[in-house]
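I opened this model to look up its pocket, its nonpolar cores and its aromatic pairing. My entries follow in the order I made them.

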Amino acid sequence: MTARRERLPVLANETVGLYTLLRLERRDLDPGVPGQFFMLEAPGRVLPRPMSLCQAPKGELAFLVDAIGPGTRALCALGPGDAIHVHGPLGHGFRLDVERPLLVASGIGIAPMPHLQEALGGGAPVVLGFRTDRHAEAARLLPGSTVVVEPRLVTELLPEEAHDVLACGPEPMLEAVRALVPRAQLAWEAPMACGYGACYGCVVERDGRYVRLCVEGPVLRDAA
């Protein structure tokens with residue numbers, strides 16, 4: 001699929017616990033593979049913000065936003081009648097050719113999981129971890145998921161039997177998952193300015209080499 005940049009009208013902004021679900025008209029943008037990302041224009045800010053696609057109902061693209069700074073707060077303030085430029089899909093998403101998927105997410109790492117579960121045909125088990133009960137209200141996006149709230153950790157929910165783990169969340173959680181399931185597919189996070197490898201703003205060190213997450217990721221899988 002080819003990335004495109006289009007100006008998309010805002011359909012709605014819906015509160016989901018402490019997060020916001022930004023719903024946009026899809027127009028000609030392809031939703032891509034779960035785990036890929038889009039660069040969303042943040043009104044009043046110079047740089048766009050990278051966002052995983054959360055849901056892709058017919059004619060729509062929906063993004064789960066955590067209002068943690070000026071750019072994300074600007075996205076959460078949008079409403080019907082507004083429009084923003086969106087560029088994507090970009091990067092590499094999850095591989096879907098798995099036999100026994102288990103979706104694992106923590107915090108805003110839940111964002112790509114509804115789209116991923118749908119792409120897997122529905123029914124894949126999901127385990128989620130959140131900081132607070134208010135954050136955990138986002139679990140309604142994935143009915144039937146198993147949820148823990150701090151001080152419990154989402155890694156406590158990983159079963160002993162083998163699964164194909166697909167995970168997204170903060171780096172300490174992903175490192176903990178990788179230690180338990182070395183072949184897990186992990187969606188990493190990093191600041192991104194361009195989205196296609198030119199600025200090197202999202203370079204991270206992984207196993208002794210430097211990786212541009214926007215090009216080689218965000219989803220990475222260990223070879224071991």
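**Pocket**

I looked up the lining of the largest pocket first, and strand 4 gives its largest share, 4 residues. Strands and helices here are DSSP runs, numbered from the N terminus (helices H or I, at least four residues; strands E, at least two). This is a predicted model: local features need pLDDT of at least 70, side-chain atom pairs count only at pLDDT 80 or more, and totals for chains, interfaces and linings use all residues. Residues are numbered from 1 along each chain as its sequence is written, and side-chain values use heavy atoms, leaving out hydrogens and water.

The volume of the largest pocket is about 1100 Å³. I noted that 45 residues line it, with Ile68, Ile108, Gly109, Gly169 and Glu189 the closest to its centre. A pocket is an open set of points on a 1 Å grid over the protein atoms alone, where a 1.4 Å probe fits, with protein on both sides within 12 Å along at least five of seven lines; lining residues have an atom within 4 Å of a point. The volume is the space filled by probe spheres set on the points. By class, I read 27 nonpolar, 12 polar and 6 charged residues in the lining. Gly counts as polar in this scheme.

**Cores**

Next I checked the largest nonpolar core, which has 26 residues. Leu64, Phe94 and Met113 are among those with the most contacts inside it. Such a core is a set of buried Ala, Val, Leu, Ile, Met, Phe, Trp, Tyr and Cys residues joined through side-chain atoms within 4.5 Å. Buried means under 20% relative accessible area (1.4 Å probe, protein chains only). Strand 8 gives the largest share of this core, 3 residues.

I then followed Met113. Beyond four places in sequence, Met113 touches residues including Phe94, Leu103, Leu142 and Leu166. Contact means heavy atoms within 4.5 Å. A second, separate core has 25 residues, including Leu90 and Val204.

**Aromatic pair**

How many aromatic pairs did I find? The count is 1. Rings of Phe, Tyr and Trp (its six-membered ring) pair if their centres lie within 6.5 Å, and planes over 60 degrees apart count as edge-to-face. The ring centres of Phe38 and Phe63 are 5.6 Å apart and the planes stand at 75°, so I logged the pair as edge-to-face. Phe38 is in strand 3 and Phe63 in strand 5, 25 residues apart. Phe38 is buried at 1% relative accessible area, and Phe63 is buried at 0%.

Note on methods. Buried < 20%, exposed > 50% of the residue type's maximum accessible area, 1.4 Å probe, protein only. Phe/Tyr/Trp six-rings, centres within 6.5 Å; stacked < 30°, edge-to-face > 60°.
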